[in-house]
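Dear colleague,

Here is the structure I said I would hand over. My notes on it follow below.

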Amino acid sequence: MLPHRPSLKQLASTPYDVIIIGGGINGAGIVRDATLRGFQVALFEQADFASGSSSRSSKLVHGGIRYLEQGHLPLVFEASRERQILMRIAPHLVRPLPFLFPVYRGAPGGKFFLNAGMWLYDLLSLFRNIRLHKMLGREETLRLEPDLRPDGLTGAALYYDAQMDDARLCLANLLEARAHGAVVRNYAQVTELIKDDHGQITGLRVRDRISGEQETITGPVVVNAAGAWVDDVFRMESSNAPPRVRRTRGSHLIFPSLTRGHALVIRSP
C-alpha cells in the first residue's frame with residue numbers, strides 16, 4: 001500500500017473535479033493525466049493497486065505485429081508509437097526484448113511473406129523501432145537457439161519489441177499523480193453511485209475495507225475504469241444495464257529459461 005492514508009471523512013470534505021473507480025493501469029493513467037492537467041482528482045480501488053489484470057499481463061509492450069495479418073494497420077502504428085513513448089519516459093520499467101520468429105517448411109507464405117510483414121512493421125514504427133528486423137538463415141537461427149526443432153526449419157526473423165514490469169508501471173503512474181496532488185486510495189470499495197433529482201451522477205459512496213468507515217465523495221465526473229469489473233459498476237447505475245464487455249481469459253505458462261536471451265514466437269500446429 002502507498003503510505004499516508006487520510007480518512008474518508010477528510011476526503012469527503014473536498015469536492016473533486018474527477019472521481020475514478022479502479023486502480024489498474026487504465027485508472028492509473030487517467031488519474032495521472034487528469035492531475036497533470038490541473039484537475040482535482042480522486043481514485044478509489046477496492047483491492048490493492050494493480051491487483052487484477054495489471055499485474056497478470058503478458059508483460060509485453062508490443063507494436064502488435066500479429067495485427068498485421070488482420071489488416072489493423074492504424075492499431076499497429078498507434079501501439080508502436082506508444083511503445084516508443086514508454087521506452088523513453090520509463091526505461092527502468094520498459095526494456096527492449098528481441099524476438100525470434102522461426103519459419104518452417106510449409107508455413108503460409110514462408111520467409112518471403114514474413115519478411116514483407118517485418119518491413120511493414122518497421123515502416124509503421126517510422127523506422128524508429130529498437131532495431132530494424134533481420135532475416136536469418138537456417139544455420140544462424142540454430143546457432144542462436146540450438147534447441148529449436150531443426151527438421152523443416154528454413155530460417156527466422158529477428159525483430160524487437162519490449163518487456164515491462166506491469167505492476168510497477170501502474171504504481172509509477174499512481175505515485176506521480178499523488179505527487180501532483182491527486183488522492184489515490186486502495187482498499188476503498190465503491191458501494192453506491194449518488195445521483196441528483198435529474199438522475200445525474202454527482203458522486204459515490206465509498207467504504208474503507210480496512211476500517212469499515214463509509215463516506216460520500218462528490219464530483220461531477222465519475223470515470224469507470226474498473227477493468228474486468230466494469231459491468232459491476234454499470235449495474236450500480238442501473239440494475240438492468242446490459243453487459244458492455246465480454247470477458248476473456250488468457251493463460252500464461254511460466255517455465256525456467258528455455259532460450260538464449262530471445263523470446264520465441266511459436267505457432268501451434
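Tyrosine 187 sits in the loop between β7 (183-185) and β8 (188-195); helices (H or I, at least four residues) and strands (E, at least two) are DSSP runs, numbered from the N terminus. Tyrosine 187 is not a glycine, yet its phi is positive, about 50°. With a relative accessible area of 26%, this tyrosine is partly exposed; buried means under 20% relative accessible area, exposed over 50%, and partly exposed in between (1.4 Å probe, protein chains only).

Before the rest, a word on the source. This is a predicted model, in which local features need pLDDT of at least 70 and side-chain atom pairs count only at pLDDT 80 or more, while totals for chains, interfaces and linings use all residues. Residues are numbered from 1 along each chain as its sequence is written, and side-chain values use heavy atoms, with hydrogens and water left out.

Overall picture

The protein chain has seven helices and twelve strands. Its C-alpha trace spans about 70 × 40 × 35 Å along the principal axes. Of its 269 residues, 37% count as buried. The chain exposes about 15600 Å², and carbon and sulfur atoms supply 54% of that; the areas come from the Shrake-Rupley method with a 1.4 Å probe, and for residues only the protein chains shown count as cover. Among contacts (heavy atoms within 4.5 Å) between residues at least 6 apart in sequence, 67% join residues at least 24 apart.

The parallel sheet

Four strands form an open sheet with parallel pairing, in the order β7-β2-β1-β11; two strands pair if DSSP finds at least two bridges between them. β7 and β11 are the edge strands, each pairing on one side only. On average, neighbouring strands of this sheet are turned by 15° against each other, direction ignored; axes are lines fitted to C-alpha atoms, for helices over the stretch in contact, and angles run from 0 to 180 degrees between N-to-C directions. Strand β1 (residues 18-21) is joined to β2 by four bridges, and the two run parallel. Valine 18 has valine 41 in β2 as its bridge partner.

Phi of lysine 59 is near 70°, a positive value in a residue other than glycine. Lysine 59 counts as partly exposed, at 27% relative accessibility.

Alanine 225

Alanine 225 lies in the loop between β11 (221-224) and α7 (230-237). Is this alanine buried or exposed? It is buried, with a relative accessible area of 11%. Leaving out residues up to four places away in sequence, alanine 225 touches Ile20, Ile21, Gly22, Asn26, Gly27 and Ile30. Alanine 225 and alanine 28 are 197 residues apart in sequence, but their C-alpha atoms are 9.0 Å apart in space.

Seven bridges pair β8 with strand β9 (residues 201-208) in the antiparallel sense, and leucine 193 stands opposite leucine 204 in β9.

Regards
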